[in-house]
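Student: Hey, could you walk me through this one? I'd like to start with how it is divided up.
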Amino acid sequence: MQTHFTDEQMQDPGIQRANEILRSCVHCGFCTATCPTYQVLGDELDSPRGRIYQIKDMLENERVPDPKTVLHIDRCLSCLACMTTCPSGVHYMHLVDHAREYIEGKYKRPLTDRLLRWTLARILPYPTRFRLALLGAKIGRPFALLMPDARLKAMLEMAPKHIPPVSRNDDPQSFAPEVPRKKRVALMTGCAQKALNTDINDATIRLLTRLGCEVVVAEGAGCCGALTHHMGKTQESHGTAAKNIRAWCAEMDGDGLDAIVINTSGCGTTVKDYGFMFRNEALAEDAKRVSDIAMDVSEVLMTLDLPEGESKETVVAYHAACSLQHGQQIKTYPKDLLKRAGYSVVEPADSHLCCGSAGTYNLMQPEISKKLKDRKVRTLEAKNPDIIAAGNIGCMMQIGGATEVPIVHTVELLDWATGGPQPPALTAEGKRAPEIPILR
Amino acid sequence: MFKLVIFPYQYWKGNRDMEMPAPDQSIIARKARIVDRLRSVLPADAVIEDEVETRAYECDALTAYRCPPLAAVLPASTKEVSEVLKVCHAEGVPVVPRGAGTSLAGGALPTADSVILGVARMTEVLETDYDNRFIRVQSGRTNLSVSGAVEEEDFFYAPDPSSQLACAIAGNIAMNSGGAHCLKYGVTTNNLLGVTMVMMDGEIVEIGGAHLDAAGLDLLGLICGSEGQLGVVTEATLRILRKPEGARPVLMGFDSNEVAGQCVSDIIKAGILPVAIEFMDRPCIRATEAFAGAGYPDCEALLIVEVEGSDEEIEAQLSRINAIARTHNPVELRESGSAEESAKIWLGRKSAFGAMGQINDYMCLDGTIPVSQLPYVLRRIGEMSKEYGLDVGNVFHAGDGNMHPLILFDANKPGDLELCEAFGADILKLCVEVGGCLTGEHGVGIEKRDLMVDQYDPEDLEIQMAVKDVFDPDWLLNPAKVFPLASSQERRIAAE
């Protein structure tokens, strides 16, 4: 597509990248077909092609963002289904990230919006604060119906009934492999995930150590920065990302790392993009080193000779998280692993469509999110599964809140099949898993 | 009294002089009233009039020509479409129907005084009848999702334009779209049984029905391919077919375009009818291989020939086809070994246009020629490419002679688009010269409007315009398309 940036505008590396992306778009419209918001709203403005056009116009004319353009960009889930579909290789993610940063810098949102975003940005990435907020929400839950703002209501309704106690496994330490060491890996323990569900990291550590990994929880690592990054709050996102980069580089320079393992695919997409995010900063080289060895847990498991399990009757519906299937283009590994472990794996119709969770999207855009959630739950339940498996905590919360079918992380099932305990979500009383031996 | 005001497109923020009639300032002055009236018949979010928002509707997949419309509306039912058209008819506002906006001929290009009528919200399946093999859908439903709706019962809808993932049935009907598998199954008109259409004055009419042939004049044949000039199709009854028992594509690599063209001609001449014979030359092979990883051979020209039926039928057809191919010394001859491989082979072919976008901007042409002329036309295109100094990629439905040369240019380089357009016009004139026509399936739209005089005599055009007079006497539907402005000048002025 033709672009109209001036030489002066092209001095800005962000604009340079935007121009590169816009020039590769041929406006063919293929992306509209797999965009969840276009499916729901049927308006070019709420399609990737329409958003690309709006972003182009806003950037070229250095326009102060208007409420309507902001609305259409805000409605984007960043599910990146468009990138899987695009035959021209348009890097929509970098373009929309740039637009969000631009909007955050130049657009004054209404007060309620600002308060909400400010609050989310200051709570979600911090497990202790988030835990407290969840407790508060639990108390407030019965009053959800009284909430005047749909978004606040959505937040209260999202709060889980059960809030797990802090898992000491998430503290900085190193777990010894159970068999001679094959790899030394760092586990990203995340932020919101460990406040909402401690089973996932526990199962990941058990599974990886059983398969010969020394698993390190690095001192100083925390939130990946995705939540604030998607709000356009670059200072915050780069701040937390920089801490991770330093923490993991210290491990790499110390005893060495074969991989940084991420079991929340939303975070994985962002960590893999650190190299790009920091390309013009002092940390550029280190950021690239981190991105280069960042792997989804399923990618690591594919290299670890997962033992073949006996064929089980259990039918697992695999929900492909967008950040995994589109953001990281990992489509078959989790299914291959589940099958190898003996599960019978089914997939819902339209598996490419987002469940509507999308980070904080279900809190910020509850209406569209709910439509996508209902659609996803309907297609999953149509397959009559015993269990739903997913590789991302956001999807698990979103789908889990709307179905009676238990939902667990893929690694919990793999852990169970290879000698680990039954995933707590599958037991009546939700009992805790046994403790894992600590190395240091 | 016949004063034609030529309005340079550049003036409207486009970047070249495409002659368009001057927008009617009295309509633009009445925008607020028109929008109010549209709002009174549609939900609030179905009327788009803010200038920052209408811009996203200023073009379709042919981005060289652009003009934001007065407003865009997104009705959800035939009734709403009718209400919209009544308002526009009463106000004398031109209407540009739009499917999914994937036209490569600018079929949905607005004018500044027009309302875009988008059918993207009309995606419902209304009726499915497997015993009588038809499906009735709202016209905004995408081509591929029509097949998707009947897939579980092992049925499919045959026409398969490469943009089938995204393009709407509405646009398929407007352009009488074809696709790779049309060699065997025919194009849209051969698979369309009936339509519900709204006339410009809001009247709702039913044409055809759930049967193969309607009594009386073949009005449906007139509607299919009429490019939004006669009415707005809101619902369509489509023929669905049971899926074949099996299908297998074979890849044939050749060391020149002409040899590949000769091979196509020989296959057709032998009386064999594969479901598809697709052609790609080196630039397209490279670009699509990078996206689809289909294992295309590294060669100058590639044919994808697909046959279908039972295993025996497939073997029998392929042995004859392969024997013909061997007489042309293919550098590679490989049958697909699995369903996954076949899927990748087709994914690559169907993504070819978009994949070419990774190389440069392109203009995609759509001319049709007699199959026997393929070698000659391909050679001439190669020669012209050197004369114009612009690269060309060829990817097309070779079996039915429907060519899609993609001329590569740099949209940000001044003068390149004009050069590309001149080159494109020469290719299309060449198609007409050898006994073919200007368009196979993309339609005339805005892109080929001024070339219509190379294909038709003034009398021919006069008869076609007389048909439009009957359906749209005020000439409000899809203005300034299909007919050269000079040809339609009298009618447009009379209508004002």
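Tutor: Domain bounds come from an automatic or database domain assignment. This is a predicted model, where local features need pLDDT of at least 70, side-chain atom pairs count only at pLDDT 80 or more, and totals for chains, interfaces and linings use all residues. Residues are numbered from 1 along each chain as its sequence is written, while chains are lettered from A and ligands numbered from 1 in the order in which they are written.

Student: OK, what domains does chain B get?
Tutor: Chain B has domain 1 (6-120), domain 2 (125-242), domain 3 (247-353) and domain 4 (360-433). Over C-alpha atoms, the centres of domain 1 of chain B and domain 4 of chain B are 31 Å apart.

Student: And what's the mean pLDDT of chain B?
Tutor: pLDDT is the predictor's confidence in each residue, from 0 to 100. Its mean for chain B is 92, and 97% of the residues there reach 70 or more.

Student: Where does pLDDT stay under 50 in chain B?
Tutor: Over residues 1-15 of chain B.

Student: What does Ile260(A) touch, leaving aside neighbours within four places in sequence?
Tutor: Its contacts include Trp248(A), Val271(A) and Met295(A).

Student: And how does the model score overall?
Tutor: ipTM is 0.91 and pTM is 0.92.

Definitions and conventions. Two residues are in contact if their C-beta atoms, placed from the backbone, lie within 7 Å.
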